[in-house]
Amino acid sequence: MVKLRIGYPEDPDYQERLEEFEARIARGEKIEPGDWMPAEYRRQLIRMISQHAHSEWVGMLPEGAWIPRAPSLRRKLILLAKVQDEAGHGQYLYHAAETLGVTREEMVEALLSGKAKYSNIFNYPTLTWADVGIIGWLVDGMAIKNQTMLAQCSYGPYSRAMVRICAEETFHHKQGKEAVLLYAKGSPKQRRMVQDALNRWWWPTLMMAGPHDTDSPHTPLLLRWGIKTKTNDQIRQEFLDEHVPELLEAGLVPPDPELRYDEKTGHWVHGPIPWDEFWKVINGEGPMNRHRLLARQRAHEEGRWVREALEAYSKRRLAQAAD
Ligand code: ACO
């Protein structure tokens with residue numbers, strides 16, 4: 001990683017620069033790649049954006065498994081487009097992270113060696129076709145709540161990538177909701193299938209927003225520097241308030257016996273989230289972690305010849321241009 005000296009606390013003008021940097025954020029200005037920024041701002045962004053990029057790439061796997069088994073040509077086309085979008089999102093995000101001085105190779109190496117984190121949600125298996133609908137409606141629904149917040153973030157390249165990603169995620173969300181509502185009104189077998197998918201994806205989806213604010217070490221600094229503009233619990237609450245009434249209306253019941261509507265606050269309240277499971281999953285011990293990592297490692301190996309061919313082609317073009 002490029003070590004940019006400027007912005008490190010030993011800089012004699014650090015305090016003054018920090019104040020100006022924070023004043024720019026308070027005025028709603030975007031911080032751009034060549035601008036002064038504290039080293040910790042850069043580090044936090046690289047951490048978050050690279051984890052996000054890895055999530056998009058690993059996120060292609062659970063649904064990608066259903067492309068050959070989609071129940072109709074229409075559903076297959078939708079799913080193909082969606083999985084292809086995720087690959088594109090990964091590209092925008094890796095590019096956004098590269099503007100901070102980390103290389104693509106370093107990020108990919110961190111993912112393939114198992115050092116890097118990616119979203120907990122992609123470490124669960126997709127057992128039936130209904131999982132594809134539930135992922136679109138709920139998992140992408142949670143992702144949109146998080147990502148519309150990040151579209152407001154203070155770092156220009158991340159914020160702009162998010163605007164585009166959110167537009168595409170909205171399509172993912174709609175197609176998932178359409179599929180789930182159809183099965184919820186369908187045959188008893190379809191209703192059972194979609195309720196079972198909801199039962200399995202509900203808690204992992206709530207965990208996606210991250211630990212409670214009281215257990216989230218990064219949130220205070222991320223809020224101070226406008227990287228996040230809402231906390232994990234605020235995002236989770238927005239998700240619940242939008243999705244619970246719609247699920248109930250469709251005759252689907254989230255698997256939480258303590259879920260209730262609080263008349264006083266006007267918000268839905270969930271029961272205890274199984275956080276032990278979350279920490280296990282994000283530390284590599286989820287049901288599909290090893291499988292996901294193996295699949296990415298294999299794809300990387302199988303794509304080696306393409307990268308080598310591109311590099312050779314680019315060298316030849318440069319040599320020709322120099323003649
Ligand atoms: N999955 C995996 N790890 C998580 C998750 C999650 N859902 N939530 C939190 N964590 C990790 C954090 O990365 C952090 O670990 P680290 O210190 O090793 O990096 C630790 O748990 C503590 O969490 P927080 O302090 O709450 O972390 P943070 O303030 O960064 O908030 C969040 C977590 C909300 C995921 C934030 O990083 C974020 O908004 N990231 C960008 C969005 C993103 O990555 N989305 C991926 C899924 S969307 C999709 O691909 C469709």
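The predicted protein chain has an average pLDDT of 96, and 97% of the residues score at least 70. Where pLDDT is low, the predicted coordinates should not be read in detail.

The largest nonpolar core comprises 80 residues. The members that touch the most others in this core are Phe-21, Tyr-41, Ile-49, Tyr-155, Tyr-158 and Trp-202. Helix H5, which spans residues 130-150, supplies 10 residues, the largest share of the core. In soluble globular proteins, nonpolar side chains tend to be buried together. The surroundings of Tyr-155 were examined beyond its neighbours within four places in sequence. Tyr-155 is there in contact with Ile-31, Glu-32, Pro-33, Met-37, Tyr-41, Leu-45, Ile-49, Ala-96, Thr-99 and Leu-100. Two of these partners, Tyr-41 and Ile-49, are also among the core members that touch the most others.

The ligand is surrounded by 31 residues, of which Arg-47, Lys-117, Ser-216, His-218 and Lys-228 are the closest. In the side chain of Ser-216, an N or O atom is 2.7 Å from an oxygen atom of the ligand. For Asn-232, a polar side-chain atom is placed 2.8 Å from a ligand oxygen atom.

Several helical residues were considered individually. Lys-82 belongs to helix H3, formed by residues 73-98. Lys-82 counts as buried because its relative accessibility is 0%, and buried means under 20%. Beyond four places in sequence, the contacts of Lys-82 are Glu-63, Ile-135, Gly-136, Asp-140, His-172 and Gln-175.

Ile-144 is located in helix H5. With a relative accessible area of 13%, Ile-144 is also below the 20% cut-off and is therefore buried. When residues up to four places away in sequence are not counted, Ile-144 touches Glu-169, Thr-170 and His-173. From Ile-144 to Asp-323, the C-alpha to C-alpha separation is 50 Å in space, and the two residues are 179 residues apart in sequence.

Ala-26 lies in helix H1, which covers residues 14-26. The relative accessible area of Ala-26 is 70%, so this residue is exposed, the cut-off being over 50%. Between Ala-26 and Glu-277 there is a distance of 38 Å, C-alpha to C-alpha, while the pair is 251 residues apart in sequence.

Terms used
Residues numbered from 1 in each chain as written. Heavy atoms only, no water. Core = buried A, V, L, I, M, F, W, Y, C linked by side-chain atoms within 4.5 Å. Buried < 20%, exposed > 50% of the residue type's maximum accessible area, 1.4 Å probe, protein only. Helix = DSSP H or I, 4+ residues; strand = E, 2+ residues; numbered from the N terminus. Contact = heavy atoms within 4.5 Å. pLDDT = per-residue confidence, 0-100. Near = heavy atom within 4 Å. Polar contact = N/O pair within 3.5 Å; in protein donor to acceptor, adjacent residues only side chain to side chain.
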